[in-house]
Amino acid sequence: MASIIESGWLYLITHFSDFQLASMGSFFLHESVFFLSGLPFIYLERAGFLSKYKIQTKNNSSAAQEKCITRLLLYHISVNLPLMILSYPVFKLMGMKSSLPLPSWKVVLSQIIFYFILEDFVFYWGHRILHTKWLYKHVHSIHHEYATPFGLTSEYAHPAEILFLGFATIVGPAITGPHLITLWLWMVLRVLETVEAHCGYHFPWSLSNFLPLYGGADFHDYHHRLLYTKSGNYSSTFVYMDWIFGTDKGYRKLKALKYIGVEEDDNKQT
């Protein structure tokens, strides 16, 4: 497997420059992963498949879904792509490389874990700031236009927010100067995580059912369907920051009430 990856990587670095791979390559990889993982949830919502796993009964209109896709394409081309191009010198300055040999799996794993922890910390505080009155009204309310989120709404936001919270995603790699393949893996995992958190479905195979600290769709969906002053659940990936600072009390209370209700129903049936 390692030799296949190295052969494929050798082809890339032979036919494309560092700049092309780090900027355009990253952009096309992001777009492919984002839309391929997010579009199926539009189909599920329209077709009504797997509706028993849908967190909210409300559905988005086709017009609302199409508006989201149109805006996303505009934002990605006008904001994300220039950001990837402009950030290339910074990553190179911090030591990013694309040459062989590839980093060991231990190095990749340790860096990815560090990125997730740091991103979650920075995102939490940035997200809380965006929920202050003025910033919510003028910036963050764009993201909350969809009280019933679906996968693609994860990146539907004001351009200023894309830059503001995007910092949380790139600060880890900017500090460590990873190999480009590590940066790509981090980007793929981060996109899949945020699409899942906004998908609107809580499946039996959702990671939050197996990883106690992982937030997932149920955790973040609560954040979208409440008023901005009462929502809480500001973290991106994990739940411990909200637990430490008490910004998940409403969510925990709701979960406890639902659990009691299930127990009462079970007792009635027996």
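Select H7 (180–197). With five residues, H7 gives the most to the lining of the largest pocket. Keep in mind that this is a predicted model.

**Stop 1: the largest pocket**

Stay here and show the pocket. Its space comes to about 330 Å³. Next, pick Ile5, Leu102, Val108, Ile181 and Leu185: among the 15 lining residues, these are the closest to the centre of the largest pocket. Together with H7, they are the elements that give two or more residues to the lining. Colour the lining by class. Twelve residues are nonpolar, two are polar and one is charged.

**Stop 2: Trp205**

Move along to the loop between helix H7 and helix H8 (216–225). Select Trp205, which sits in this loop. Is Trp205 buried or exposed? Its relative accessible area is 54%, so it counts as exposed, the cut-off being over 50%.

**Stop 3**

**Stop 4: helix H8**

Finish on H8. How many of its ten residues are buried? Nine are, and the helix is mostly covered. To see them, select Gly216, Ala217, Asp218, Phe219 and His220, then Asp221, Tyr222, His223 and His224.

Note on methods:
Residues are numbered from 1 along each chain as its sequence is written. This is a predicted model: local features need pLDDT of at least 70, side-chain atom pairs count only at pLDDT 80 or more; totals for chains, interfaces and linings use all residues. Side-chain values use heavy atoms; hydrogens and water are left out. Helices (H or I, at least four residues) and strands (E, at least two) are DSSP runs, numbered from the N terminus. Buried means under 20% relative accessible area, exposed over 50%, partly exposed in between (1.4 Å probe, protein chains only). On a 1 Å grid over the protein atoms alone, a cavity is a set of points where a 1.4 Å probe fits but cannot get out, and a pocket is an open set with protein on both sides within 12 Å along at least five of seven lines; lining residues have an atom within 4 Å of a point. Grid points are joined across faces, edges and corners, and a volume is the space filled by probe spheres set on the points. Ala, Val, Leu, Ile, Met, Phe, Trp, Tyr, Cys and Pro count as nonpolar, Asp, Glu, Lys and Arg as charged, and the others, Gly among them, as polar.
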